[in-house]
Amino acid sequence: MTGPALQRCAACGHVQYPARECCEACLADDLADQPAAGARGTLIARTLLHHSNEPRFRDLLPLGIGLVRLDAGPIVVCFVPDALAGGARVVLGAAAADPALLSAAAVE
Amino acid sequence: MQDYRDIVACVPVTVPYARRSEHGAAWFLARALAALLDGSGLNKAAIDGLCLSSFTLAPDTAVAFTQHAGMSPRFLEFLPIGGACGVVALRRAARAVQAGDADVVACIAGDTANATSFRDLLAQFSRFSREAVYPYGAGGPNASFALITAAYMQRHGATRADFGRLCVAQRANAAHNPAALLRAPLSLDDYLAARPIAEPLHLYDCVMPCAGADGFLVMHRARAAALGLRGVRILAAIERYNAFPDDPVQLRGGWAMDRDALWAQAGIGPAAIDLVQTYDDYPVISLLQLEDLGFCGKGEGAAFVRQHDLTFAGSFPHNTGGGQLSAGQAGAAGGMLGLVEALRQLAGTAGARQVARARHALVSGFGMINYDRGLASAACVLAA
Ligand SMILES: [Zn+2]
């Protein structure tokens, strides 16, 4: 699978992110990946970065970053476009700049 | 919980902070240890317990430091837990002395800083951060605390000026602390006009990483008295990890879980506290501590800051040495800064910033943004 994954526990159904080596809820280790892209949630908060600790990001500043609470439970840190504000309904997708990363888009 | 009767903390020391250093972390930790010997009159062999906190000591840990510094302690704790390390070291050391596992415990925290050390630390800070936060713009703690600050402002109606009042008061305190790196006067207008770093955070909301170390000793009260040292008593202490994991964003910390136990053990309440040292890597976290520890209600932190003078001579002396926001954040030493300041205040040795009639202090710690929130919280109540 390409792109970040959520993990679903086969024993209890708990969904978690970032990837762990055990289920956060029941400690089982039978965890199945499912794509994070397509997952829906609510934007909890966003920031606009004007400073990065890595030179490779400096040409991209300012850069929108946010916290999304997925309907399935987990909290995801991802890129957030300028137009979205806290409380917005969003869907995760692959980031344009890097398909290994996630970006939030408004739900139509 | 058993009390901490007859155990004292004493000899607060600070190895001068510096914006950058060519020395390694072990140099700062060794200077702190030497200062503890100077301040106590003890020789190195008398230190039979060690609690050590550092990030940049890596790949070494506390056990390597015993050989580095030629010590043979019979009690050892490595506490790489950032902003909670001071209170947690105090707890560990006090229990070890109570149990007879050590007679005199040196608690030291320190780090170095150079052009790449801070970035290296952030890039590898934790597995979750490395995989799922740092690739998103590498904002480091500025980005994490910006999200918490934004959520707090939205939930509770706090404004930038509310955070600014706290930062300005701390800078006023720092003017009386020769060890603080940032002592130039700061006005609320200066604060509000600063450049954005990670909105809503601007320059003066963010701690400045630096090099340095802090430390103190823990021993039996009778031992301190025999040495002629002014000991500070421990009335109560708490720690908690990964509190409220189901909260979508961190608007409260572990203090809210344990504060009733803290005050019950202390036998006094918030109203009896003469000075407070919160962990202030960003001002919103100080407001969370004031709320969660019961100095005001949830969401009332901004109003509390508006209603009080937070300088050392004011109605609510807070971060009386300037806190990390003005002293600098010397890595793990940031978790000990508030504790050594409280020890000085309660011993009456805080110099030009001495709080009048300082009898009871609260010190709280917070640390380790593993992913989206700080996982460690701790607090203690101390008495002169
Ligand atoms: Zn499970």
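Cys206(B) is buried in this predicted model, with a relative accessible area of 14%. Cys206(B) takes part in no disulfide, and the nearest cysteine sulfur, that of Cys167(B), is 9.1 Å away. Cys167(B) likewise has Cys206(B) as the residue holding its closest cysteine sulfur, and the separation of 9.1 Å is too far for a bond. A disulfide is a covalent bond between the sulfur atoms of two cysteines. The criterion applied here requires the two sulfur atoms to lie within 2.5 Å. A search of the whole structure finds 0 disulfides over all chains.

The zinc ion has as its protein donors the SG atoms of Cys9(A), Cys12(A), Cys23(A) and Cys26(A), which lie 2.3 to 2.4 Å from the ion. Along the sequence, these donor residues follow the spacing C-x2-C-x10-C-x2-C. The arrangement around the zinc ion is tetrahedral because the 4 donor atoms subtend angles of 104 to 115°; the criterion for four donors is that all angles lie between 85 and 135 degrees.

| Residue | Relative accessible area | Class |
|---|---|---|
| Cys23(A) | 0% | buried |
| Cys26(A) | 34% | partly exposed |
| Cys167(B) | 3% | buried |
| Cys206(B) | 14% | buried |

In chain B, Cys167(B) counts as buried because its relative accessibility of 3% falls under the 20% limit.

Terms used:
Residues are numbered from 1 along each chain as its sequence is written. Chains are lettered from A and ligands numbered from 1 in the order in which they are written. This is a predicted model: local features need pLDDT of at least 70, side-chain atom pairs count only at pLDDT 80 or more; totals for chains, interfaces and linings use all residues. Side-chain values use heavy atoms; hydrogens and water are left out. Donors are N, O and S atoms within 2.8 Å of the metal (3.2 Å for Na, K and Ca); water is not among the atoms, so sites may look incomplete. Four donors count as tetrahedral if all angles lie between 85 and 135 degrees; four count as square planar and six as octahedral if opposite donors are over 155 degrees apart and all others between 65 and 115; anything else is irregular. Buried means under 20% relative accessible area, exposed over 50%, partly exposed in between (1.4 Å probe, protein chains only).
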